[in-house]
Amino acid sequence: MAALSAWFWNERFWLPHNVTWADLADPAPGVEYPKAGHLFTALPLALVIFTVRMLFERFIAAPCARSLLIHPGVRRRAQPNVVLEKVFTSITKNPDFRHLGGLSKQLDWEVRQVQRWFRHRRNQDKPSTHTKFCESMWRFTFYLCIFTYGFQFLWQSPWMWDTKHCWYGYPYQVMTPGLYHYYVMELAFYWSLMFSQFTDIQRKDFLIMFIHHLATVGLISFSYVNNMARVGSLVLCVHDSSDFLLEAAKLANYAKYQHLCDSLFIVFGVAFFITRLVIFPIWVLNSTMFESWAIVGPFPSWWLFNLLLLVLQVLHIYWSYLIARIAMKAMSRGKVGQASPCQEGYALVEARGSYWCKPRSTTLPLPSCSMNNV
């Protein structure tokens with residue numbers, strides 16, 4: 001273990017040339033440098049945040065949802081069936097006609113009964129709008145609070161106005177209480193997301209989001225240990241600036257305020273593009289790659305840190321592409337004659353904020369041809 005620890009904390013990897021851990025171990029009285037042990041505070045704090053979240057969703061978010069007429073509701077559960085349950089969990093949740101025919105003969109059911117059972121079973125696992133509203137309200141509240149705190153802190157910090165201050169005197173930069181609280185709170189929140197992901201709504205991107213949270217925890221911890229917390233605080237603030245807008249748009253969507261949802265999504269998209277595709281590369285990446293090279297010079301952990309930030313920028317471009325696609329679909333969804341999702345002989349009509357495909361010869365909407373709002 002001693003050999004493994006010595007290999008992992010190799011000074012030549014973590015620190016610039018001619019700097020050792022001993023140089024950072026005993027600072028002057030009243031001066032504190034980052035230490036890896038400080039990060040353990042985030043674990044109990046993550047449990048506190050998780051507990052606060054449970055209380056918030058129950059006593060604040062849930063009453064807000066009910067006041068907006070978003071009720072938990074009771075979903076119709078599929079009747080217990082060992083054979084169909086085994087197929088649902090082990091083989092497929094959407095059986096084709098061959099599977100439906102085989103199950104129909106095996107159970108002596110009509111094909112329509114088997115189809116209905118699978119539909120009820122799929123709906124049984126879907127979260128209610130009430131649950132999604134409470135989760136989004138918690139995230140909106142936290143993102144807004146942490147962004148407000150971080151922006152106020154950085155407003156008074158010299159490295160927000162001149163990013164070269166992120167590297168002057170590096171790595172002998174004092175860890176101030178404000179910067180420490182900002183970093184530990186962000187780290188604890190992402191730890192709490194990793195805990196709660198196993199109790200939250202099970203989405204299709206569960207594994208991707210788990211890896212994302214794990215990578216975020218690693219990047220925050222990594223930048224703290226090698227005292228790149230100043231530029232790390234800029235990265236956190238840039239990302240927090242648009243997250244609460246997305247959650248606000250979700251809340252408006254769940255409450256059926258479609259016009260407000262569309263407006264908030266547009267604001268979110270603009271904020272996302274500006275912060276992730278303009279400010280982040282020009283303001284942050286320019287500092288980490290070029291200003292730091294001129295002031296401090298490269299070293300192994302510097303290369304790794306910049307590589308991770310470049311990967312993050314690639315993800316920004318990919319996510320921006322997805323947001324642009326959603327925005328384009330939302331802008332064109334009301335145009336019947338242009339890229340209509342309905343089959344020939346059907347028309348796209350609006351009813352109660354939703355869009356439906358209906359036969360041109362009748363006025364009855366067909367739920368099976370519905371197109372949900374973005």
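Trainee: Which residues form the nonpolar patch on the surface?

Mentor: This is a predicted model, numbered from 1 along each chain, where local features need pLDDT of at least 70, side-chain atom pairs need 80 or more, and totals for chains, interfaces and linings use all residues. Side-chain values use heavy atoms, without hydrogens or water. Patch residues have over 30% relative accessible area (Shrake-Rupley, 1.4 Å probe) and no salt bridge (Lys or Arg nitrogen within 4 Å of an Asp or Glu carboxyl oxygen), with nonpolar side chains joined within 5 Å. Together about 620 Å² is accessible on I266, V270, I274, L277, V278, I282 and I317.

Trainee: Is I274 buried or exposed, or something in between?

Mentor: Buried means under 20% relative accessible area, and exposed means over 50%. I274 has 43%. That falls between the cut-offs, so I274 is partly exposed.

Trainee: And P95, buried or exposed?

Mentor: P95 lies in the loop between α5 (82–90) and α6 (97–107). V114 is 19 residues away from P95 in sequence, and 9.5 Å away in space, C-alpha to C-alpha. P95 has a relative accessible area of 13%, so P95 counts as buried.

Trainee: What is the volume of the largest cavity?

Mentor: A cavity is a set of 1 Å grid points where a 1.4 Å probe fits but cannot get out. The structure holds one cavity of 30 Å³ or more. Among the residues lining the largest cavity are W21, Y33 and N226. The space filled by probe spheres set on its points is about 40 Å³.

Trainee: How many charged residues line the largest cavity?

Mentor: Charged means Asp, Glu, Lys and Arg. The lining has seven nonpolar and two polar residues. The count of charged residues is none.

Trainee: Which element gives the most to the lining of the second largest pocket?

Mentor: A pocket is an open set of points with protein on both sides within 12 Å along at least five of seven lines, and lining residues have an atom within 4 Å of a point. This one holds about 340 Å³. α1 (2–8), α2 (11–14), α10 (177–196) and α11 (206–225) each give two or more lining residues. With four residues, the top contributor is α11.

Trainee: Which lining residues lie nearest the centre of that second largest pocket?

Mentor: The lining has 16 residues. They divide into 14 nonpolar, two polar and no charged. Nearest the centre are F8, W9, L39, S221 and V225.

Terms used
Patch = residues over 30% accessible without salt bridge, like charges linked within 9 Å, V, L, I, M, F, W, Y side chains within 5 Å. Salt bridge = Lys/Arg side-chain N within 4 Å of Asp/Glu carboxyl O. Buried < 20%, exposed > 50% of the residue type's maximum accessible area, 1.4 Å probe, protein only.
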